[in-house]
Structure formats: structure tokens, C-alpha cells
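Good morning, and thank you for making time for this presentation. Please keep the sequence and the model in view while I go through a few selected sites.

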Amino acid sequence: MLYPELPLVVFTVLAQTAVGGYITMAGRLSQMDSIAKQRQPLVLSMFILWAFMAIGFAASTMHLGSPLRAFNALNRIGYSGLSNEILTGSLFFALGGIYWLAELFKIANAHLLKIARLVVSIAGVIFMAAMIKVYLINTVPVWDSSFTYVEFIGTVLMSGVLLGYVLLNLTGATTPTLNAKLATFGVVIISLHLVITAWQLVNIAEITTSIQTGAEHLAIYSGSIITRLLLLVIAGGLWLFSAFKSSQTTSVTALSGLAFVIMFAAEIIGRGVFYGLHFTVGLL
């Protein structure tokens, strides 16, 4: 298999995208009037976020060999990075689902819902921190680096915010000004990510262990790395074009939807490379 650990590739990218999408949409909901006609369609569209989380968790259990082993992974909460990741991810999923149902069926007042959105956003940030912690392993030089933060947070800020942007436009819950701000933010993050990725590749190429080198591993995935970077540029261009050049709502939604598909593919490829670059400082 070209990309090892495919279940974890799917889980991490879907979860990070869901967190970024949720925070984007929650921020917009907190700005909207409680009786705005676009509010209910926007809330309903959050189902996509929870579907992403459900699919991601289902994929992650495949990594364990059996879904039932997921419960065993919770045995060392507070001590094991994996246990903490599963716990915080489950909390984000559960709290988000409860908030979503409360918002959808209007069973709480506006003040409580605003607090709930903030609590779920904080849970999402904690979940991301726990996920990153899992991979800071001092025997895996490519992962035990500040670039892992960039890799994972980058997906939240690029794929996640773009998904939120798509759903905001799909439900008519946005404005030209907000579109311009989100697209500009996204393109700036993509640009920074490209620069940092170049720096990261140089750093990886310089890694040498007793039997392996980073350069050798990079050579294996060079095609995937170049493809991913090109896809990010294309997605950023479509995103920016949809915000500043498209005047019709359907055109904005179509262009941004295409941008998201391309962005998501780029992040899947990039995460596959991330796992493929796993090698230790020892003999194994």
C-alpha cells in the first residue's frame, strides 16, 4: 500500500475538518439574529460535520483490528496519548451532537445555545491538542517536531474553514464581506503552509539514523508531495475566485464546493505521506 495506516489518514483528516468547519459555522451562528431565516438551514447542514466525525471514528476502529478494542484504548486516560485522544474526540462528538439537537429543535434559549457553541468549540480545540500529542514520539524524528503542529492545525484552518465556507454559502447564511474575509484568510494560511512545507522537506532530508535517511523516504513520496502542493494552490485559487469574482450564489457554492473536494484530496494525500514517513531512530 502506498499510504500505510489508511484508517488513521481518514480519521485524522475528517476529524480535523469537522472541528474547523464547526468553529467557522458556530462563529457565524453567534453573529446571526435568532430569527434569521438562514439560521435553521445552516444548523441543519451541521449534520455533515457529525457525519464526518462518525465516519472518522468508524475508520479509526479499523486501525485497532476490531471495533471492540476501542474500549480497551480508554484504559489509560490521563497517561496514554491514544486514550486521551479517544476521550476528547468522543466528548467533542457527544457535546456537539447534544448542542446540535438543542439548536435544531429549539429546546434551549439563545443565551444557553451561545454558551454551548463556545463549550463545543473549546472541546474541539482540546481534541486537536490531544490528537497532536499522540504523534510527538521522540523515537520518530519526522513526527517529533513542531511541523506536526503545522500539519494538523493546517488541516483545521484550510480544509475545515473551507468546509464551513461551503456550507455557509450553500445555506445562504453568509455575506460578500464574510466570504472575502474567509477566502483571504484561507489563502494566507495556504501560502504560509506552502512555505513551511518547503522548510519541513529540507528538515526531513537532513534526518539520518543508523540505517535510514529522511531523503530516501522523501524520494518514495516525491510524486505525492508535489501533487499535494499543486492541489493546494488550485484549491486556494478557486476559493479566492469564488469570493471575489463570482456574483451568483450558485456559482460561489459550485466553485467553493469544487475547491473543497480538491483541498480534501490534497489533505488525504498529505496525511498519507505523513504516515509513510514514519521511521524510528533505532534499527526498527
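Leaving aside residues up to four places away in sequence, Thr 174 touches Arg 28, Leu 168, Asn 169 and Asn 179, where contact means heavy atoms within 4.5 Å. This is a predicted model, in which local features need pLDDT of at least 70 and side-chain atom pairs count only at pLDDT 80 or more, while totals for chains, interfaces and linings use all residues. Residues are numbered from 1 along each chain as its sequence is written, and side-chain values use heavy atoms, with hydrogens and water left out.

Thr 174 sits in the loop between helix 7 (146–170) and helix 8 (176–205); helices are DSSP runs of H or I with at least four residues, numbered from the N terminus. Is Thr 174 buried or exposed? Its relative accessible area is 17%, so Thr 174 is buried, given that buried means under 20% relative accessible area, exposed over 50%, and partly exposed in between, with a 1.4 Å probe and protein chains only. One of its neighbours, Asn 179, is joined to Thr 174 by a side-chain polar contact of 3.0 Å. A polar contact is a pair of N or O atoms within 3.5 Å; within protein, one must be able to donate a hydrogen and the other to accept it, and residues adjacent in sequence count only if both atoms are side-chain atoms. Another neighbour, Arg 28, is 146 residues from Thr 174 along the chain, yet their C-alpha atoms are separated by 8.0 Å.

I turn now to the aromatic residues. The structure holds 22 aromatic pairs. Rings of Phe, Tyr and Trp (its six-membered ring) pair if their centres lie within 6.5 Å; planes under 30 degrees apart count as stacked, over 60 as edge-to-face, and the rest as tilted. Phe 11 and Phe 127 form a tilted pair, at 6.4 Å centre to centre with 50° between the planes. Why does this pair tie together parts that are 116 residues apart in sequence? Phe 11 lies in helix 1 (residues 6–31), whereas Phe 127 lies in helix 6, so the pair ties those parts together. Both Phe 11 and Phe 127 are buried.

A second pair is formed by Phe 52 and Phe 264, which is tilted because the ring centres are 6.2 Å apart and the planes stand at 50°. Phe 52 belongs to helix 3 (residues 47–63) and Phe 264 to helix 11 (residues 249–276), so this pair ties together parts 212 residues apart in sequence. Phe 52 is buried, at 14% relative accessibility. Ring pairs also link Phe 11, Tyr 22, Trp 50, Phe 57, Phe 92, Phe 93, Tyr 99 and Phe 127 into a cluster.

Two further buried sites deserve mention. Tyr 135, in the loop between helix 6 and helix 7, is buried at 5% relative accessibility. Beyond four places in sequence, Tyr 135 touches several residues, including Leu 8, Trp 143, Phe 152 and Phe 274. His 193 lies in helix 8 and is buried at 4% relative accessibility. Among the residues that His 193 touches, again beyond four places in sequence, are Val 150, Glu 151, Arg 228 and Leu 232.

How values were computed:
Helix = DSSP H or I, 4+ residues; strand = E, 2+ residues; numbered from the N terminus.
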